[in-house]
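Here are my notes for your first look at this entry. Keep the viewer open and follow the points in order.

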Amino acid sequence: MATKAESRLTTLKIVSYVLVGVWLIIAAFPFLWTFWGSFKVQGDFFSKADWTNAIYGVFTTRETGGAFTANGYIGAWVQESFWKNVLNTTVIVFFTVIISLTFGTLGGYALARSGFRYAFWILMAALIFRAMPHITLVSGYMLPFFEWNVWGLKGTAIIVLVAINQPFTLWMLHSFFKNIPKDMDESAMVDGCTRFQAFWHVIVPVMWPGVITTGLFSFLLAYNDYAVTSMLLSKPNETMVPAVASFLGSVQVQGNIMFAVAAVVSATAPLFVLILFFQRQIVSGLTAGAVKG
Amino acid sequence: MKHRTFFWFILPTLSAMILFIALPIVSVLIQSLFVEHEQVLVVSESCGPFGCTPTTSIDAEATAALREAQPLGRFNGLGTYFDRSHLATAEVAEIWRESNGLKSFFNGLMDLKFYKALIFTLTYTFIVTPAVLVFGLAVAVGVNNLPRAMRGVAIFISLLPFLVATIVGSMILSWMLDGEGIIGATLQNIFNDPNLTIKSSTPLMWIALIIYGIWHTLPFSFITFYAGLQTVPQDTLEAARVDGASKWQTMISVVVPHLMPLVSFVTLMLLMDNFRVFEPIVSFQAEAHAQSLSTFILSDLREAGNPLYASAGATSILTIIGVAILLTPVVIRTWRDFNATSH
């Protein structure tokens with residue numbers, strides 16, 4: 001009996017190891033493949049005849065003399081001015097994160113400390129807003145923004161991204177502030193602080209772990225957004241993600257698809273570094289809403 | 001907290017949400033009730049030696065002036081909702097009358113733009129969501145069995161597909177699945193069919209998009225379930241083992257019930273996100289084979305020169321109604337929980 005149970009346990013273990021192994025390969029392989037391939041020429045990256053060409057770079061050696069080439073990167077960054085898109089992304093993401101954290105901290109704190117019924121309704125409304133497809137909101141902005149002549153500006157995109165970010169930010173920070181004991185700010189108020197002073201002197205110094213976690217997700221939303229940035233930004237103000245997408249159409253025609261591959265790798269690299277340094281915060285942020293109820 | 005203080009704290013975030021989420025929904029609703037101006041036609045008579053013939057021409061200037069003066073267009077009521085490219089009530093009735101059996105009715109529906117998009121969106125949502133729940137749980141259990149040192153690496157790798165921009169991630173996959181990419185070319189070799197590409201076949205494109213969806217969202221359910229597994233009470237597990245339950249039985253009767261609240265949370269998030277599937281279709285350049293409600297709106301807005309705001313608005317409102325239907329059970333449950341805890 002015991003041996004039977006044990007043997008079943010080991011088969012289960014093997015099955016689960018295999019499953020995890022397969023998943024990890026499926027998860028990582030596309031990135032490794034694209035990263036490796038971005039240093040090749042198109043004939044190798046799309047090597048229909050023999051896939052090992054992509055590994056050894058047969059065509060790359062024939063065309064450029066070496067097994068690796070940075071032509072894709074040079075083409076994307078210099079010829080297609082991808083660096084401008086990188087700059088735009090930096091500006092837009094930076095301001096989106098700062099503003100949405102400021103708004104979200106104030107709001108989340110208020111919701112966590114208010115026992116009134118309308119606090120619940122605001123959170124419920126935020127949940128519904130969170131579910132709105134971004135493109136439906138965008139179709140609501142287009143006409144008024146054209147009329148007011150604010151379409152295409154970086155500032156417009158920042159404000160819209162901040163607003164779209166708010167529901168999520170509110171929920172995260174609300175549950176985070178709920179875990180900070182009420183006594184802390186209330187005892188400060190007993191000592192004569194106003195609510196805002198209590199918030200400023202007592203809560204702000206201890207809130208950074210939660211704010212950083214929330215900030216990471218605001219960053220990801222702004223950095224990865226396509227619906228808003230592709231529809232609301234003019235060509236010179238475009239960020240990386242819509243630039244990569246519009247590249248895809250134009251460079252495919254010119255036979256320069258490696259530019260798009262290089263741009264994709266360039267846009268993914270910062271995320272890679274981000275996960276490397278903030279893995280724990282990201283995981284805790286993903287599960288915060290779920291595990292704490 | 002006093003109402004007054006609450007008001008000042010909540011003001012920035014609330015005004016951002018009202019101005020840029022609530023009002024746009026109203027704006028979309030209004031747009032959907034209007035329709036673009038028709039072109040202004042001028043009838044002029046050109047008289048020649050053989051008498052006069054009336055000719056109709058477009059008065060471009062007057063059209064532009066009219067569009068300038070009333071950018072919304074002319075009032076159309078619910079007309080746009082029921083026209084051929086949306087609910088198409090007349091066409092659906094027609095198809096229903098002419099079809100013999102469900103299959104031909106279904107095929108007829110697939111010719112209508114809106115229903116095609118709706119059917120794809122629902123298929124995508126209701127295949128990806130359960131698949132991600134099951135596989136996510138399986139991977140979470142597997143990673144939980146790994147030696148501690150390897151778990152961090154596993155989580156790091158798993159996070160990549162989820163956190164990379166959807167447009168970028170789906171582009172990477174579409175290159176691999178391309179007829180000349182590694183997976184696409186290998187499949188062609190295996191099946192010995194050089195015409196086998198996702199770009200040329202609707203079912204293959206749907207499968208590719210669904211596989212992408214699973215690849216992209218599985219990490220989310222995996223991470224959530226993995227965190228949940230850390231909180232399974234050890235005593236209960238111990239008790240189950242003492243009572244002679246097998247690993248599998250323990251899994252079904254102890255672990256899964258413990259994770260149930262997480263399952264409903266993950267399901268909610270997945271439903272919301274999958275229903276608005278959008279970027280992969282852009283990246284895969286799949287518009288010819290698969291449209292979702294979101295890309296349907298995008299193509300209306302992208303209409304060269306003269307965006308179809310009315311059509312986009314009507315689709316948006318119909319999408320929002322879809323989201324509302326999906327969310328109703330959750331809102332009702334949260335409301336019950338809230339009342340239960342407050343009394």
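Leaving aside its neighbours within four places in sequence, which residues is F222(B) in contact with?

1. Start with F222(B). Beyond the four places on either side in sequence, F222(B) is in contact with G136(B), V139(B), A140(B), V143(B), I155(B) and S158(B). Keep in mind that this is a predicted model.

2. Now zoom out to the core. F222(B) is among the residues with the most contacts inside the largest nonpolar core. Helix 15 of chain A, residues 257–291, gives the most to it, with 17 residues.

3. Next, T136(A). Find T136(A) in helix 8 of chain A, which covers residues 134–148. Is T136(A) buried or exposed? T136(A) counts as buried because its relative accessibility is 2%, and the cut-off for buried is under 20%. A polar atom of its side chain lies 2.7 Å from the backbone oxygen of P133(A). Apart from neighbours within four places in sequence, T136(A) is in contact with V28(B), I297(B), S316(B), T319(B) and I320(B).

4. Last, the surface. W36(A) lies in helix 1 of chain A, residues 2–37. W36(A) has 36% relative accessibility, so it counts as partly exposed. W36(A) belongs to a nonpolar surface patch with W51(A), I55(A), Y56(A), V58(A) and F68(A). Together these residues have about 610 Å² of accessible area.

Methods: Residues are numbered from 1 along each chain as its sequence is written. Chains are lettered from A and ligands numbered from 1 in the order in which they are written. This is a predicted model: local features need pLDDT of at least 70, side-chain atom pairs count only at pLDDT 80 or more; totals for chains, interfaces and linings use all residues. Side-chain values use heavy atoms; hydrogens and water are left out. A nonpolar core is a set of buried Ala, Val, Leu, Ile, Met, Phe, Trp, Tyr and Cys residues joined through side-chain atoms within 4.5 Å. Buried means under 20% relative accessible area, exposed over 50%, partly exposed in between (1.4 Å probe, protein chains only). Helices (H or I, at least four residues) and strands (E, at least two) are DSSP runs, numbered from the N terminus. Contact means heavy atoms within 4.5 Å. A polar contact is a pair of N or O atoms within 3.5 Å; within protein, one must be able to donate a hydrogen and the other to accept it, and residues adjacent in sequence count only if both atoms are side-chain atoms. Patches are made of residues with over 30% relative accessible area and no salt bridge: like charges are joined within 9 Å, nonpolar side chains (Val, Leu, Ile, Met, Phe, Trp, Tyr) within 5 Å. Accessible areas come from the Shrake-Rupley method with a 1.4 Å probe; for residues, only the protein chains shown count as cover. A salt bridge is a side-chain nitrogen of Lys or Arg within 4 Å of a carboxyl oxygen of Asp or Glu.
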